[in-house]
Amino acid sequence: MTGIASMLESVRQRITEAAARAGRDPRDVEIVAVTKTVGPEAIREAVRAGISIIGENRVQEASRKFAVLGARVDGKPVAWHLIGHLQTNKVKAALEIFSLIHSLDSWRLACEIERVAERLDKVVECLVEINVSGIPSRFGVDPDAAVALARQVAALDRLRLAGVMAIAPVVETKEDARPYFRMAREICGRIQDEGLFKAGKVCLSMGMTQDFEVAVEEGATIVRIGTGIFGPRRGEAML
Ligand SMILES: *Cc1c(COP(=O)(O)O)cnc(C)c1O
């Protein structure tokens, strides 16, 4: 097994154990391999090891890799997810690459996605990013405003709301992340109760290398793992 394959295997094992603790089926947890700063060769290796979703946080960096790898890697279909903040002037480029946008964080952005999607004749799946940390410099809609944004977005034709995404703040121990994940799950439940999700299954995107086990215990259906699969990131993109 390569380094990447064995790292991935260990992540899977830990997901299985966390799911068991919560009485969940580990198959209900998808892994997004977060490939910011990771080059195409390592991405190929991850796909060969079983990864089928690639997560990028910048549109430009993703465009360069998408041009090399495309939507099939070694003949296997891969989905590209945007996990970082989306600027309105990058929406068109983003819609050409990504099948799920985890980072819908304002009505203004929703309107721009609607406009561009209309022009490209696409329907775009999005998650509402909730700023559960409460840190003002972080992206995401305030927890208090998330349901209201979901109501507005549900009225758009070209956006298909599929769930919520949250990033826990940096905390001392994994356990300290739990209340933030609970908050995300609780808000997701409220949006679901109002019937605002339009996709077949509801996505709860939460948990990164530091805290994914707690996120799985709290109901995550998507975990976003970078360093846990690829090792420590270098400062710069490798492309
Ligand atoms: C970088 C990043 C991750 C992955 O972080 P790791 O700690 O490397 O697992 C997950 N989500 C988002 C939004 C990120 O930007």
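1. In this predicted model, Ser-133 is found in the loop that runs between strand E7 (124-130) and helix H6 (146-154). Its relative accessibility is 14%, and Ser-133 therefore counts as buried, the limit for that class being under 20%.

2. The side chain of Ser-133 takes part in polar interactions. With the side chain of Asn-131 it forms a polar contact of 2.8 Å. A polar atom of the Ser-133 side chain also lies 3.0 Å from the backbone nitrogen of Ile-135.

3. Which residues does Ser-133 touch, once those up to four places away in sequence are not counted? They are Arg-138, Pro-169 and Tyr-180.

4. A separate point concerns aromatic rings. A pair of such rings is described by the distance of the centres and the angle of the planes. The count for this model comes to 1 aromatic pair. The pair consists of Phe-66 and Trp-80, whose ring centres are 5.4 Å apart and whose planes stand at 80°, so the arrangement is edge-to-face; planes over 60 degrees apart fall in that class.

5. Phe-66 belongs to helix H3 (residues 59-69) and Trp-80 to strand E5 (residues 79-82), so the pair ties together parts that are 14 residues apart in sequence.

6. Are the two partners buried or exposed? Trp-80 is buried, at a relative accessible area of 1%, whereas Phe-66 is partly exposed, at 23%.

Technical notes
Residues numbered from 1 in each chain as written. Predicted model: local features only at pLDDT ≥ 70, side-chain atom pairs only at ≥ 80, totals over all residues. Heavy atoms only, no water. Helix = DSSP H or I, 4+ residues; strand = E, 2+ residues; numbered from the N terminus. Buried < 20%, exposed > 50% of the residue type's maximum accessible area, 1.4 Å probe, protein only. Polar contact = N/O pair within 3.5 Å; in protein donor to acceptor, adjacent residues only side chain to side chain. Contact = heavy atoms within 4.5 Å. Phe/Tyr/Trp six-rings, centres within 6.5 Å; stacked < 30°, edge-to-face > 60°.
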